[in-house]
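Biologist: Could you walk me through how to read a few features of a model? I would like the general idea and then the case at hand.

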Amino acid sequence: MEPLITANYHTHSKYCRHASGEPEDYAKDALTAGMKVLGFSDHTPYPFPDGYYSGFRMFPGDKKDYIADVLRCREAFADKLEIHLGYEVEYYPRHFDALIKGLTATECDYLILGQHFTNNEYDGEYSGEETDDVGKLITYVDQVSEALETGLFSCLCHPELIHFSGPDEIYEEHMTRLVKTAIGTNTPLEINLRGIRFGAQYPDERFFDIAAPLGAEFIIGVDAHDPDDLFPAPEYEKALEYVKKHNLRLLDRLELKKPAV
Ligand SMILES: [Zn+2]
Ligand SMILES: [Zn+2]
C-alpha cells in the first residue's frame, strides 16, 4: 500500500499536556504509516512573566526531557525515519525575542507558527472564537504578518484559525495581506488535517480561493495529538480534494529554516 503522507512536521506529544503519547510512540506509528520525515513541533514553553500560567503548552522545566526524547528517537530511528526537533510557537511581541535567544541549534531545528492568541496571550484573546469584529481580524493578520517577517518560521499552521464571520470582502482584503506576506517570506501555508477531522472553522475554502490565485504554497499538516492521528486517511483524502478543487500548489516537504545556529 502506498504511504499516505511521506512527511509531517506538525506533531505534538504528552509534553504539552493536552496531547497523549511519548515521542517514541509517534515515531513508531509514523514509520508504520510509511512516513519518511517526522517533525516534532510541540507547543513551546514560553518565558512568560512570573505568575502567569499557560494551560496548553510545555512547562519550561520539561523542555530538556522533550529534547532528550526527540533526540533519542532520532538516533533509534536513524536510516528509517528523518526526525526533526521543532516547536509550534505563537508570536508574542513582548516575549518572542527572549524565546529565540533561549534556543540553541541542538535544541531546535525549526519553528512553525500557530497564532492561537493575539497580543501576548495573557493580555489578548483566543484567535479561534467566532467573531464579526473587523478589529480582531486586523489584529490577527497584523500579528501573523509581523511574525512571518522575522523569517524564522518554516510554515504557518491553520492560517484560518481566525474565525471571522463578517463580510467576505473584508475577510478577503485582510487575508490577502497575510497570504502576500507568506509568499514574500517563503512561508508555506498549512492545510490542517485536525481541523478537517473535527469540523473546525479551518480549513476554510474562502481562504483557498484567496491564496490559490496569488500562487501560495501549501503543505499538509497532521497536527497529531495522539499517535493514531498519524493514520489520517479520510482527512487526507479531503485535503487532496481541496488541493484539486482550488488548484493549490502542494509541497510534500518543507524547507526548514533553522532559527538558531
Ligand atoms: Zn495542541
Ligand atoms: Zn498544533
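Biologist: How many of the five residues of β8 are buried?

Modeller: Buried means under 20% relative accessible area, exposed over 50% and partly exposed in between, with a 1.4 Å probe and protein chains only. Strands (E, at least two residues) and helices (H or I, at least four) are DSSP runs, numbered from the N terminus. Here four of the five residues of β8 are buried, so the rest of the structure largely encloses β8. Keep in mind that this is a predicted model, in which local features need pLDDT of at least 70 and side-chain atom pairs count only at pLDDT 80 or more, while totals for chains, interfaces and linings use all residues. Residues are numbered from 1 along each chain as its sequence is written, chains are lettered from A and ligands numbered from 1 in the order in which they are written, and side-chain values use heavy atoms, with hydrogens and water left out.

Biologist: Which strands pair with β8?

Modeller: Two strands pair if DSSP finds at least two bridges between them. Four bridges join β7 to β8 in parallel, with L189 opposite F218. On β9, L250 also stands opposite F218, and β8 and β9 are parallel, over three bridges. From β8 the chain passes through α8 to β9, a right-handed β-α-β crossover; that is, with the strands pointing away from the viewer, the path from the first strand over the helix to the second runs clockwise.

Biologist: Where do the buried residues of α8 fall, seen down its axis?

Modeller: An α-helix has 3.6 residues a turn, so residues three or four places apart point the same way. In α8 the buried residues are E235, Y236, A239, Y242, V243 and H246. They fall within an arc of 110° seen down the axis, so they line one face of the helix; the arc is that of the directions from the helix axis to the C-beta atoms. The face turned away from them carries the exposed residues P234, K244 and K245.

Biologist: Which residues coordinate the zinc ion (ligand 1)?

Modeller: Donors are N, O and S atoms within 2.8 Å of the metal (3.2 Å for Na, K and Ca); water is not among the atoms, so sites may look incomplete. H18, H43 and H225 each coordinate zinc ligand 1 through NE2, at 2.1 to 2.2 Å. H18 lies in the loop between β1 and α1 and H225 in the loop between β8 and α8, so the pair ties together parts 207 residues apart in sequence.
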